[in-house]
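Please look at the sequence and the model shown below.

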Amino acid sequence: MRVAFSARALKFPPVCSCCGDASNAAFVAKATRTTGKRVVHHRTHSWEIPWCGVCSAHADLASTAVMVFALIAMAAIVVGIVIWLSAAHAAGIALGIAIGGVAGGLPILMILNARAERRRKPTCSTVGSPVEFLGWDGSVQFFDCRSERFAAAFAIANQTKLINVSPELRQLLTRVAEAAESARKVRTHEEETAAPALELRPPPARNESLIMWLEKIERLKGTAARRAAFGRALVEITSSEDRATLALEVSRMDVRTALDKADSLKTAAAKRRALVEALERIRADDVPDELQAPEIAMLEDAIRRLDAPAPG
Ligand SMILES: [Zn+2]
Ligand SMILES: [Zn+2]
């Protein structure tokens, strides 16, 4: 991926330009420009490109492979030329040596390259140098990045200096921006859904004495006995929350008793009396009526059914 910036100074993202892991080293990417015909000037510019130890190892090995191959091939060609020049009829031998050298160097190149390949991580973008500094023109710097991920990070880090943006780079940057946006959305969603979960406190350990009193009162038969026990419980239970819980439970027990009692009574008048008494009790107690709404509704419903004319 080609990237160009109009800049004298550039920011490099602190990630390996090959594998994308955190960078812990850098390599120098150089470019040389030759100017002038009679008086030749060589000018070299360079940038320090971040990478990691693993990638520096595989890239060094890969460039060593190329270098060793080039040396062997060149030596063979030079020897061939020397033989060809020294012995007039040795052209065939000279060519044989040159070809032999090039062919002999190939296995060495392949072995070293295979070694470099084995050192690559699955996330590596190349086996050799991950970024090439192609050169400069005035203040414009040209790079070729093997890793799209690094190209995008590099471009974003120097966004205001980015020029000559190719359609490929534009597409890449759009993809990266979209991925970042959806990652942000997922994060926000997770935060939104996680927040109430964090606020959820574990249910408070129920007061031992509250449980004891609830069991005790539940075992008692009759409203009067339960109310008396409830009075004793309130002496012991001091937490207002526990008191409210107990009051609500006692009230519910009363309603169940009243409904059972009404069921067992013979005359409608007696049934009605039992239900009305229970309803008055429930409305008069300390428990807020909205907490006992289902019980109140049950009693009222039972009374209404009694008041309604018998069908038929
Ligand atoms: Zn790396
Ligand atoms: Zn790598």
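Helices (H or I, at least four residues) and strands (E, at least two residues) are DSSP runs, numbered from the N terminus. Two strands pair if DSSP finds at least two bridges between them. The model is predicted: local features need pLDDT of at least 70, side-chain atom pairs count only at pLDDT 80 or more, and totals for chains, interfaces and linings use all residues. Residues are numbered from 1 along each chain as its sequence is written, while chains are lettered from A and ligands numbered from 1 in the order in which they are written.

| Pair | Bridges | Residues opposite each other |
|---|---|---|
| E2 and E3 | eleven bridges | Ala-25 and Trp-51 |

Strands E2 and E3 form a hairpin with five residues between them, and Gly-36 in the turn has a positive phi of about 85°. One of the eleven residues of E2 (residues 25-35) is buried (20 or more other C-beta atoms, placed from the backbone, within 10 Å of its own; exposed means 12 or fewer, partly exposed in between), so E2 lies largely in the open.

Four strands form an open antiparallel sheet in the order E4-E5-E1-E6. E4 (131-137) and E6 (162-163) each have a single partner strand, so one side of each is left without a neighbour in the sheet.

Ser-17 is in the loop between E1 and E2. Ser-17 is buried, with 31 other C-beta atoms within 10 Å. Its C-alpha atom is separated by 7.3 Å from that of Ile-49, 32 residues apart along the chain.
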